[in-house]
Amino acid sequence: MDDVDSTDVIITHTERFYTSVGVAVRSKDLSSNPPELLVRTRTGFTRYTGAPSSEGYRFPSVPQGEYYLKTGSAYVVTDERHVEIGRHYLGRQDAVATSHSMTPAYLNLTNLAPWQDSVGYSGGSRLQIVSGQVDLSAEVYTNDYVAAGQTQLDAQDAQAYGLSGNFPVFEAAKGDRLYVNQLTNVFGKPLPNGEPLVASALVRSAQLPAFNFTADGVTPLVIIGAMQDVPMTDVSFEWRLGNYASVATEIHPAATARMPTFYIEPSAHGPQEGWVGYSGELFSLLLPPGTSHTIADRLPYGNPYPSSWRPVGTATYQYRILEPLPGDTTITRSVTGSLLTSDYVENLVASPITPALTPPRALSIDGIPATSQRVVGNTSPIITWKPPANGAPTAYRVSLIRYVNTSAATQTALYLPGTATEVRLPVGTLAPNAIYSVRVTALDSPHQEVTREPFTIYEKLPLHTADTISSLFTTP
């Protein structure tokens, strides 16, 4: 074991794979894609050089205090001497991913709940597939017409679209199986405008035996089974949506309230006080944009999974601004933000659902409010904000979204402690002559330490987030 000096910074990358039989742990060698370490100075940054060691990737002689750790496209602003940059995954650690996120499928399903057409914001009857052995959840569609009331499907022309990434290789010898789930409409009390309140809930399921399958874009995934009733439960909640709609101008002065959503999802093989990955949905409720009244209701949903897959509830309210693209006013682009609360469903609905955290305030770039379009003075600006008026953040995430032609994507994310109120972007973070927006997300995750283990922050429960967003800006 190498001696570790008090001025050393050690970076480790530990991957954890969650399965029904436990957690597999694997350390990743960082020498082929090493992290970078920068210390901020009055005029810029000083770069420190590191090297592999028996403890991890070591940066020697780093001054005490805050530094920027860069890994991939992300930065972590921290003063910790040991930072874990690993991530958590669902399924076998030896699973092999294909290059396909969609596959043709053949469906032969009997004993379905009577098929329903879409109503309001609910999509009617739907099919999802989820594996408990490898990391896969997918939505399954058929191009064949399915009549209302139909209770069986025999569809040659179907497709499965991955919701959790590319399809993994299924191996029967390793016990790889699939749940096939049917979700359908469930109805609550009418909305104040007289329209029906319609949610989507899992009502029937079948678990397929272990099988072999490698998605290649041509070979169909064969899904044959008899659907069965699943244990049903009710979720009773009071969602005070007026407390969300009124926050729109705190996200941006021009922001409008968009769609509220409420999801219940299983936490497959999840750790205590958290969850990993995505394993489909048990229940979803989508409401009209700008909904501002209180919804108090009781609605049913089914759950075919083991009791260890605890249901997690997530209430989200979305917002956006629409702005002309700098340099081409004929194109309008949206910048989005949200308020979110996530917890085990019994905790989430134990009291009225309201925002526990409001957006960061006074977002500025180099001291100028970021609420109108402009050209920034350089490609290494300082982004500042004030803490939320309500709530106590434990972390911030600063996201830089770049706009190219008609597309937009997060280019860089910076993770900071909850005491932060500014961040200087390192040189090279922003491209020259480019269009961006910035989103500053306040996070309250009491079981997570973002400065020590930044990339699992969204897995810890409870979690509250609140965004503030900028107008579009251009770099010189």
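## The largest cavity

By class, the residues that line the largest cavity are four nonpolar, three polar and one charged. The model described here is a predicted one, and the residues in question are Ile-365, Ala-370, Ser-372, Arg-374, Ser-470, Ser-471, Leu-472 and Phe-473. The space inside this largest cavity comes to about 40 Å³, and a search of the whole structure finds two cavities of 30 Å³ or more.

## The second largest cavity

The second largest cavity has a volume of about 30 Å³, and its lining is made up of Tyr-244, Leu-339, Leu-340, Thr-341, Pro-355, Ala-356, Leu-357, His-464 and Thr-465. Two elements, β25 (328-344) and β34 (463-469), each give two or more residues to this lining, and β25 supplies the largest share, with three residues.

What classes of residue line the second largest cavity? Six of its lining residues are nonpolar and three are polar, while no charged residues are found there.

## The nonpolar cores

In soluble globular proteins, nonpolar side chains tend to be buried together. In this model, the largest nonpolar core has 78 residues, and the members that touch the most other members are Phe-262, Phe-283 and Ile-383.

Which residues does Phe-262 touch, when those up to four places away in sequence are not counted? Its partners are Val-235, Phe-237, Trp-239, Phe-283, Ser-284, Leu-285, Thr-314, Ala-315, Leu-348, Val-349 and Ile-353.

## A closer look at His-88

His-88 is found in strand β11, which covers residues 88-90. Is His-88 buried or exposed? Because a residue is called buried when its relative accessible area is under 20%, His-88 counts as buried at 12% relative accessibility.

When neighbours within four places in sequence are left aside, His-88 is in contact with Arg-16, Tyr-18, Val-276, Glu-453, Thr-456 and Glu-459. With one of these residues, Glu-459, the side chain of His-88 makes a polar contact to the side chain, at 2.8 Å.

Terms used. Residues are numbered from 1 along each chain as its sequence is written. This is a predicted model: local features need pLDDT of at least 70, side-chain atom pairs count only at pLDDT 80 or more; totals for chains, interfaces and linings use all residues. Side-chain values use heavy atoms; hydrogens and water are left out. On a 1 Å grid over the protein atoms alone, a cavity is a set of points where a 1.4 Å probe fits but cannot get out, and a pocket is an open set with protein on both sides within 12 Å along at least five of seven lines; lining residues have an atom within 4 Å of a point. Grid points are joined across faces, edges and corners, and a volume is the space filled by probe spheres set on the points. Ala, Val, Leu, Ile, Met, Phe, Trp, Tyr, Cys and Pro count as nonpolar, Asp, Glu, Lys and Arg as charged, and the others, Gly among them, as polar. Helices (H or I, at least four residues) and strands (E, at least two) are DSSP runs, numbered from the N terminus. A nonpolar core is a set of buried Ala, Val, Leu, Ile, Met, Phe, Trp, Tyr and Cys residues joined through side-chain atoms within 4.5 Å. Buried means under 20% relative accessible area, exposed over 50%, partly exposed in between (1.4 Å probe, protein chains only). Contact means heavy atoms within 4.5 Å. A polar contact is a pair of N or O atoms within 3.5 Å; within protein, one must be able to donate a hydrogen and the other to accept it, and residues adjacent in sequence count only if both atoms are side-chain atoms.
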